[in-house]
Amino acid sequence: MKCNPLRWLWGLLPVVLLAWAATQFSRADIETDLKKRVDSQLSSSGFKWQQTGFSGRDGQITGTAADEADPGRANDIARSIWGVRIVENKATVVDKVDKYQWSASKAGTRLTLGGFVPNDSVRAEIVKTAKSNFPGHDVVDEMKLARGVPSDAWLGGVGFGLKQLSGLKTGDAKLDGLSLTLVGEAGDSKAYRAVKTALANELPRGVKLGDERVVAPVAKPFIWSAKHSGGQVLLSGFVPERARADIITAVRSAFPRATVTDRMDVAEGAANGHAAAVTSAIKELARLEEGSADVRDAAVSVQGVASDQDVQTAVRQSLSRSMPQGFRLTEAITARESAPKPISPYTTSAVADATAVVLSGYAPTEAARDQLVQLARQKFPGRRIDNRLQVAPGAFPGWQNCVDQALTGVARLGAGKIAMTDKLLDVAGATDDEELAGAVPRDIRQGVRADCDANVRVDVLAEAVPDLVWRATYKGNDVILDGDVSSAVAKNGLLASSQRLFPGKTIVDRMRIIETRSRAWPSAAEQGLVALADLKEGSATLVRQDLTVTGEAADQSTVDRVKSRLARELAKGYTGRDQIKVAVLAPAPTQPPPAATPAPVPTPPAPRLDTTQAACQSSLQATAREGIIRFERASAVLTRESFPTLDKLASAARACGSVVIEIEGHTDAEGTPDRNQKLSDRRAQSVVDYLTRSGVDRQQLNAIGYGETRPLVPNDTSDNRAKNRRIEFTAKPR
């Protein structure tokens with residue numbers, strides 16, 4: 001039998017294909033396993049920069065290392081893994097820089113980190129330190145990897161620079177190698193002193209200070225003062241650092257035997273010529289027996305007592321000649337023989353109301369008095385400033401600050417009283433804002449510091465009732481919201497509540513926003529909606545602080561529930577009343593007995609209530625027509641000539657106990673429709689209030705205003721307009 005080679009080859013081909021497929025699948029598994037084990041070993045050895053890949057058992061390492069030795073070490077680790085045949089190292093190393101610089105820049109609430117870092121671990125440590133020193137700031141990392149870090153001391157210099165930069169309002173910290181530069185403005189005097197001390201004494205070992213341009217905070221206003229009395233010289237306020245030593249030297253030279261107490265804070269913001277003005281004031285102050293000098297920006301004030309008139313004249317002339325250009329001088333220097341006796345007790349007061357601010361008592365100098373008057377004009381614009389202050393000696397050193405802080409606090413309240421007796425400061429005021437009532441006393445006490453003893457009392461007023469008229473009507477498938485609301489938030493809240501309380505009903509929004517600050521009003525209106533949702537139909541009317549709910553309830557328990565809620569759940573200052581009746585169910589029809597001829601149905605007599613209602617309405621209208629009901633102009637206040645008519649109406653209403661009396665308010669067309677609507681509501685309510693005080697059951701009365709919408713005659717003459725301004729009475733069944 002002959003062998004056919006072609007047939008043999010066709011049988012071998014499937015075997016070869018299967019062997020090739022098995023090899024390919026096995027190869028993929030080997031590559032995945034080797035990569036996983038190599039990556040794991042490199043990661044545990046601290047390498048995070050590399051990427052690895054395998055072709056069969058042959059590997060390749062790529063990436064950028066931070067250290068020159070790292071690619072070789074990574075290569076050795078990869079080759080040591082069992083199963084790896086060869087490793088091709090294609091890793092690179094980050095660039096090395098000769099000038100190794102790092103920086104941090106603070107501006108507002110943003111901190112930007114720049115320059116070079118040796119590796120990602122150090123980068124993470126620097127970012128962590130930055131976030132710790134700058135809470136609430138956005139830390140922006142713009143640092144780049146580079147080799148060439150000077151030494152281990154470099155990282156200490158970074159941390160030190162960040163800590164000092166945190167004490168600045170704005171600024172920059174830079175490391176050039178191991179040389180630190182810090183530039184910026186300190187946040188306050190305390191931070192300024194702390195940064196300057198640290199730069200002088202606390203630099204990390206190996207780090208040197210290259211450049212330092214940290215400036216003190218800017219003070220506005222820039223105030224400096226010196227007080228000379230009884231062998232003591234007290235210096236306070238602000239002084240530029242560059243001038244501090246010269247000022248101390250000038251004081252010790254002018255007062256060689258005095259005890260000098262330095263309470264000055266370093267700050268920037270002094271006017272040009274400040275040092276010269278201060279030095280001149282010190283020199284002349286030393287010629288007085290006692291006195292004080294104050295420099296506020298470019299205004300200089302000197303007061304005191306000279307031994308005689310010659311010294312008084314000489315000091316005045318010298319001060320006038322020596323003041324730098326641009327500085328204003330005021331002085332109150334008296335000679336010993338004519339010096340007025342210091343006032344004791346030294347009193348200053350201010351009373352601010354809606355129209356005027358009255359300043360009375362004493363001020364130590366003309367400049368101090370003018371400054372207080374100017375502050376009053378600034379804080380109370382549009383009000384009359386009644387200046388009754390007299391200039392007299394006797395004020396304590398912190399008088400100006402205490403009065404200024406108190407007047408500023410009263411201005412925040414809008415009105416109030418200030419009474420200062422020597423160093424005792426009393427401030428009284430009131431506000432309906434609880435937060436402001438707590439903030440004003442705190443801020444005044446902090447502002448006066450230790451200059452005086454501040455007793456501040458701010459009463460919290462009951463919230464003013466907004467002059468609004470609002471109504472919700474529920475009938476059939478409609479809920480109509482009409483009238484005034486206190487804010488857009490209140491309007492949206494009432495619409496949301498209506499949709500929740502009246503599911504499936506049509507909510508009609510006719511409300512107008514009249515911005516009024518009131519926390520309680522939206523709650524009262526909400527209670528009206530809640531009560532209305534319990535009824536079959538009705539209305540809820542909120543006139544100022546009075547909420548009235550009228551309508552029909554399904555049963556007596558619903559009526560009781562609404563009454564209870566109106567009594568218990570309305571906000572403080574709001575009153576609720578109801579005019580709700582229980583719906584009378586029609587009797588079920590009965591089946592007439594079978595009969596050949598149905599019995600005739602008698603016609604029922606006219607209800608007695610209709611007759612009573614008509615009689616009551618006739619009596620009320622006749623009494624109103626024959627009498628007088630008038631109000632103060634553009635007001636809801638009843639005039640005295642209306643009282644006799646109202647007393648007769650009260651007697652007629654008490655005799656009509658079986659009906660509800662609707663009291664309608666109407667106006668002419670003068671003014672806006674909104675104003676006339678509210679005025680008619682208030683006038684109708686005033687009549688209800690009077691009749692209630694006269695013994696009429698409040699549940700029997702219902703006030704409603706129609707504004708200018710129902711005139712009797714055209715509003716074209718003064719007589720016709722007077723006819724349209726009226727109160728009408730309508731009797732309705734209970």
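I started with tyrosine 690, which counts as buried because its relative accessibility is 11%, and the cut-off for buried is under 20%. A reminder to myself: this is a predicted model.

Next I looked up phenylalanine 643, which comes out as partly exposed at 25% relative accessibility. I then checked how the two rings sit together. Phenylalanine 643 and tyrosine 690 make a stacked aromatic pair, with 5.3 Å from centre to centre and 25° between the planes. I call this pair stacked because its angle is 25° and the limit for stacking is under 30 degrees.

Where do the two residues of this pair sit in the chain? Phenylalanine 643 belongs to helix α16 (residues 643-654) and tyrosine 690 to helix α17 (residues 673-693), so the pair links parts of the chain 47 residues apart.

**Other rings**

I counted aromatic pairs over the whole model and got seven. One of them joins phenylalanine 222 and phenylalanine 238; their ring centres are 5.9 Å apart and the planes are at 50°, which makes the pair tilted. Phenylalanine 222 is in the loop between β11 (208-215) and β12 (223-229), while phenylalanine 238 is in strand β13 (residues 232-239). That puts the two 16 residues apart in the chain.

Is each of these two phenylalanines buried or exposed? Phenylalanine 222 is buried, at a relative accessible area of 1%. Phenylalanine 238 is partly exposed, at 25%.

I also noted a cluster: Tyr100, Phe116 and Trp154 are linked by ring pairs.

**The whole chain**

I zoomed out and listed the secondary structure: 18 helices and 32 strands in the protein chain.

Then I checked the overall dimensions. The C-alpha trace spans about 150 × 120 × 45 Å along its principal axes. The radius of gyration is 45 Å, whereas a compact globule of 734 residues would have one near 27 Å.

For burial, I found that 41% of the 734 residues count as buried. The chain exposes about 39,500 Å², and carbon and sulfur atoms supply 51% of that area.

I looked at contacts too, taking those between residues at least 6 apart in sequence: 68% of them join residues at least 24 apart.

Last entry, charges. How many positive and negative side chains does the protein chain have? I get 96 positive and 87 negative, and the centres of the two sets lie 2 Å apart.

Notes. Residues numbered from 1 in each chain as written. Predicted model: local features only at pLDDT ≥ 70, side-chain atom pairs only at ≥ 80, totals over all residues. Heavy atoms only, no water. Helix = DSSP H or I, 4+ residues; strand = E, 2+ residues; numbered from the N terminus. Rg over C-alpha atoms; globule rule 2.2 N^0.38 Å. Buried < 20%, exposed > 50% of the residue type's maximum accessible area, 1.4 Å probe, protein only. Contact = heavy atoms within 4.5 Å. Areas by Shrake-Rupley, 256 points an atom, 1.4 Å probe, with all protein chains shown as cover. Lys, Arg positive; Asp, Glu negative; His and termini not counted. Charge placed at Lys NZ, Arg CZ, Asp CG, Glu CD. Phe/Tyr/Trp six-rings, centres within 6.5 Å; stacked < 30°, edge-to-face > 60°.
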